[in-house]
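Please open the model in your viewer and keep the selection panel at hand.

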Amino acid sequence: MPNGRTTLSKFLIEQQHRRPEADTDLTALLNDVQTACKYIASAISRGALKGQLGGTAQGNVQKELDILANEIFLESCALGGQLAGLLSEEMEDVYPVPSEARRGRFLLAFDPLDGSSNIDVNVSVGSIFSILKAPEGVAAAGAQDFLQPGVRQVAAGYAIYGPVAMIVLTMGDGVHGFTLDREIGAYILTHPNLRIPEDTREFAINTSNARFWEPPVRRYVEECVAGRSGPREADFTMRWIASMVAEVHRILMRGGLFMYPRDTKDPDRAGRFRLIYEANPMSMIVEQAGGAASSGYQRILDVQPEELHQRIPVILGSRNEVLRLERYHVEHAEGKDQPFESPLFNTRSLYMQPG
Ligand code: MN
Ligand code: MN
């Protein structure tokens with residue numbers, strides 16, 4: 001290997017050798033996922049140049065890339081012999097392994113293209129994936145088999161298609177980042193053992209929803225915005241990319257807090273992100289890097305899914321800030337919020353809201 005570089009393929013094999021029970025099926029599956037991500041990276045980097053995407057309307061290109069990315073995942077992974085079923089954001093039901101293919105012990109859940117509305121403006125997008133074990137004796141998985149809490153994931157990761165393309169991966173033994181070397185067509189280990197700092201002075205939230213936030217989130221943001229003269233006695237800064245993969249990637253690189261909390265905008269919607277193939281894999285990555293991930297009310301990885309595409313509020317990133325937000329949720333539920341002055345949100349009216 002030139003300059004002692006470690007490719008993702010080599011890394012996966014070495015990881016298995018270090019384990020008491022080497023699982024070459026998992027290695028093979030992750031290699032299929034890696035292949036899918038290379039194809040998607042290639043398709044995305046060509047943008048509007050890609051002939052088959054020659055739609056005239058912008059929305060057309062975006063939609064086609066979502067579907068193309070989904071097809072790439074299916075074609076790269078469904079026939080590999082490692083899976084008992086696949087679940088995608090783009091498909092309502094579980095996708096069965098085609099009858100001509102060998103069936104395996106794993107379940108693959110994925111968001112083939114995350115943040116796809118960013119494609120038109122040339123901002124980073126990504127793919128997110130989660131790997132579970134099929135329940136014992138299940139050869140052809142159904143919806144029920146995917147309803148496992150995130151703690152049972154055996155591997156999780158995302159690919160980011162940005163100025164450089166990367167895969168960030170955990171197999172339950174730390175988080176490692178690989179950069180795509182397009183000249184040789186391989187992901188190279190460039191970011192071993194990523195760690196999220198426990199503290200941060202940077203947060204990310206869609207403030208246009210501020211009027212719909214629940215009191216604990218209002219309190220948190222208000223305190224951050226109050227800066228040095230407020231209760232936190234520190235100035236904060238804010239980022240908002242509106243691409244979950246890009247937000248999580250930034251947090252892995254330098255810390256931070258990302259929130260898409262529950263709000264009152266649409267009371268029937270529990271949150272924005274999908275539990276099984278967005279929140280769970282990202283939560284495993286963040287926890288494995290020393291961060292934390294919560295719904296505000298509960299550790300995300302402990303949540304028992306009830307539906308394939310169910311949504312959940314997400315608060316993740318630097319550990320101490322996530323814990324602070326969880327505490328604010330508890331204090332609010334117990335009626336223990338300290339009254340706080342606010343020029344920004346008019347706190348007093350907050351306390352007059354029902355609930
Ligand atoms: Mn998504
Ligand atoms: Mn998507």
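How many bridges join strand E1 to strand E2, and do the two run parallel or antiparallel? Select residues 83-88 for E1 and 106-114 for E2: 5 bridges join these strands, which run parallel. Strands here are DSSP runs of at least two residues, and helices (H or I) are runs of at least four, numbered from the N terminus; two strands pair if DSSP finds at least two bridges between them.

This is a predicted model, in which local features need pLDDT of at least 70 and side-chain atom pairs count only at pLDDT 80 or more, while totals for chains, interfaces and linings use all residues. Residues are numbered from 1 along each chain as its sequence is written, chains are lettered from A and ligands numbered from 1 in the order in which they are written, and side-chain values use heavy atoms, with hydrogens and water left out.

Within the pair, pick Leu83, which stands opposite Phe106 in E2. Of the 6 residues of E1, 6 are buried, so the strand is largely enclosed by the rest of the structure. Buried denotes under 20% relative accessible area, exposed over 50%, and partly exposed in between (1.4 Å probe, protein chains only).

Next, select the manganese ion (ligand 1). Asp111 (OD), Asp114 (OD) and Glu278 (OE) coordinate this ion at 2.0 to 2.2 Å; donors are N, O and S atoms within 2.8 Å of the metal (3.2 Å for Na, K and Ca), and water is not among the atoms, so sites may look incomplete. The donor residues follow the spacing D-x2-D-x163-E. Asp111 also coordinates the manganese ion (ligand 2), 3.7 Å from ligand 1. Asp111 and Asp114 are both buried.

Finally, select Lys10 in helix H1 (residues 8-17). Lys10 counts as partly exposed, because its relative accessibility is 32%.
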